[in-house]
Protein chains: 2
Amino acid sequence: MTQATRRERLRAETERDIRRQARALLVNHGREAVTLRAIAREVGITAPALYRYYDSREDLLRHLCDDICHDLEAELYAALAPLGEDAGHEQVYAVCRGFRRWALAHPQEFSLVFASPENVIGSVGPEDLLKVGDQFGKVFLEVASRLIAKHDHPHGEEVAEPPEVLHNDLRAFQQVMIRTVTARGVQVDEESLHLGAIFHILQAWVRLYGHVALEVFGRFPLAVSDPEPMFDAMLASLLVPMGIEE
Amino acid sequence: MTQATRRERLRAETERDIRRQARALLVNHGREAVTLRAIAREVGITAPALYRYYDSREDLLRHLCDDICHDLEAELYAALAPLGEDAGHEQVYAVCRGFRRWALAHPQEFSLVFASPENVIGSVGPEDLLKVGDQFGKVFLEVASRLIAKHDHPHGEEVAEPPEVLHNDLRAFQQVMIRTVTARGVQVDEESLHLGAIFHILQAWVRLYGHVALEVFGRFPLAVSDPEPMFDAMLASLLVPMGIEE
DNA sequence: CCACTTGGTAAACACCGTTCACTAAACTGG
DNA sequence: CCAGTTTAGTGAACGGTGTTTACCAAGTGG
């Protein structure tokens, strides 16, 4: 039986509706408004019925986080599509700017994912190291890795060796990144994507993500009428020393 | 009548107890556990009685945020006390490290403040610009401003002019910082603490705060067995170009 | 056809933030 | 001292939350 039964189709449809309504509640009213009763009301069922689809409210929210990350990923790849495969520099800038733009346009979604203690659905094995934390960084890490591996510091700048104690962690992550980039058709290896480069990319992501998070959560210590130049200045001071110019 | 009445003393004592118990609940069980009924139970009153002291649960949480920020401030100043007034460089490093150490030791408190939409108690006037966002950055901003103003780039490095559109915002903030630093006994003016320096310090804070936030919220995209060298590397790449060496 | 699975309901439980009316104790001022 | 006022606390109530359980009906597959 490869054909889905009517029941299976109905179930899938209901699940989609549940997720759609939950998202709408989140976007329009915030995390507190995403109650099981509110979702059930919108879907036209009762709250206990939701336990046929999810183990708990937290489980449902986890799935919502997953959806959100996939949406961001899709949007970032859509922003990259007009750029050519050789426009590595532009791609990195586009991803950074796209990430910030998306985060500011989706503050409730961003906040939910950022502040969720565990976003991972299912078990985390050695194959899933990239799923630690959240998936916000996936596209940036891929695009930056690909660019760095292909050009290997066009400025010939020497990258500082990462701290010794991080080598094991970075090596595991390096393997994940190599696999991820390779899976998209670009051959990279441990020489082109060495530990120094990995560490550098990682720090870049932390800085970008941190900046955007502070902006979305309103944590700048002053009221900035136009925060974009601050972001641009940060981006320049982040990427230019890496040899990535616009 | 300058002497507090018995009633006033009892009220102050109850308020302290409310805040103490609320904090304990937060620290031990997280934000969701800080319910009015739970607090009331611990204090030995009923939940409606809490409305004699606070306008709402949100109001209570806001006061909690205020307490938390004051605690951080006190702890950072305690960490600075052994250092001399002339140990500006060491002070900045001490504040940065102290901030991270405190945040990691107090994740629930850090998270509450970080994720709270509005931490400001009472109205915000022109005198309170430093109270925008939250008070986590207060000590760092003071210490860094004092150092920069006193030494004015020991490396003689030329600081890039901040983006034009930010000048008004930065000027207002500059006035606040000048007043704050001056109030602590160090004379600074708009020349020693010029807009470029202000912008630089601001960006440094955003970077530090962002890094720590990601660490506390578990947002690094890889499992780091020892995150401290990452922090140290970030600190070095942040402060050394500013002429602040350890 | 029938046993099993699945989707949904109603009732119930323990809990939540908040309001309101009332009581009693403390305070104030003549 | 005492009447009037203020304040702190209570109990009841309201509308809401996440979750569990037993039951019923529809769907599925042998």
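Reader: Why does Arg31(B) count as partly exposed?

Author: Keep in mind that this is a predicted model. Arg31(B) has a relative accessibility of 28%, and the partly exposed class lies between under 20% for buried and over 50% for exposed, so Arg31(B) counts as partly exposed.

Reader: And what makes Arg31(B) and Glu58(B) a salt bridge?

Author: Their closest N and O atoms are 3.3 Å apart, and the cut-off is within 4 Å, so the pair qualifies. Arg31(B) sits in the loop between H1 and H2 of chain B while Glu58(B) belongs to helix H3 of that chain, so the bridge ties together parts 27 residues apart in sequence. Glu58(B) is partly exposed too, at 37%.

Reader: Why is Arg100(A) called buried?

Author: Its relative accessible area is 8%. Buried means under 20%, so Arg100(A) falls in that class. Its salt-bridge partner is Glu228(A), at 3.7 Å from N to O. Since Arg100(A) is in helix H4 of chain A and Glu228(A) in helix H9, the pair ties together parts that are 128 residues apart in sequence. Glu228(A) itself has 38% relative accessibility and counts as partly exposed.

Reader: What about Asp86(A), buried or exposed?

Author: Exposed: its relative accessible area is 72%, and the class starts at over 50%. Asp86(A) forms a salt bridge with Lys150(A), with the closest N and O atoms 4.0 Å apart. That pair links distant parts of the chain, from the loop between helix H3 and helix H4 of chain A to helix H6, 64 residues apart. Lys150(A), at 42%, is partly exposed.

Reader: How many salt bridges are there over all chains?

Author: The structure holds 28. There's a network as well, linking Glu15(A), Arg19(A) and Asp67(A).

Reader: On to the DNA. How do you know that Arg11(A) has a polar contact with a phosphate oxygen of DNA strand C?

Author: An N or O atom in the side chain of Arg11(A) is 2.6 Å from that phosphate oxygen, and a polar contact needs a pair within 3.5 Å, so this one passes. Thr46(A) uses a backbone N or O atom, also with a distance of 2.6 Å to a phosphate oxygen. For Leu36(B), again through a backbone N or O atom, the value is 3.0 Å.

Reader: Which helix gives the most to the surface near DNA strand C?

Author: That's H2(B), with three residues. By class, this surface has eight nonpolar, four polar and nine charged residues.

Note on methods:
Residues are numbered from 1 along each chain as its sequence is written. Chains are lettered from A and ligands numbered from 1 in the order in which they are written. This is a predicted model: local features need pLDDT of at least 70, side-chain atom pairs count only at pLDDT 80 or more; totals for chains, interfaces and linings use all residues. Side-chain values use heavy atoms; hydrogens and water are left out. A polar contact is a pair of N or O atoms within 3.5 Å; within protein, one must be able to donate a hydrogen and the other to accept it, and residues adjacent in sequence count only if both atoms are side-chain atoms. Helices (H or I, at least four residues) and strands (E, at least two) are DSSP runs, numbered from the N terminus. Ala, Val, Leu, Ile, Met, Phe, Trp, Tyr, Cys and Pro count as nonpolar, Asp, Glu, Lys and Arg as charged, and the others, Gly among them, as polar. A salt bridge is a side-chain nitrogen of Lys or Arg within 4 Å of a carboxyl oxygen of Asp or Glu. Buried means under 20% relative accessible area, exposed over 50%, partly exposed in between (1.4 Å probe, protein chains only).
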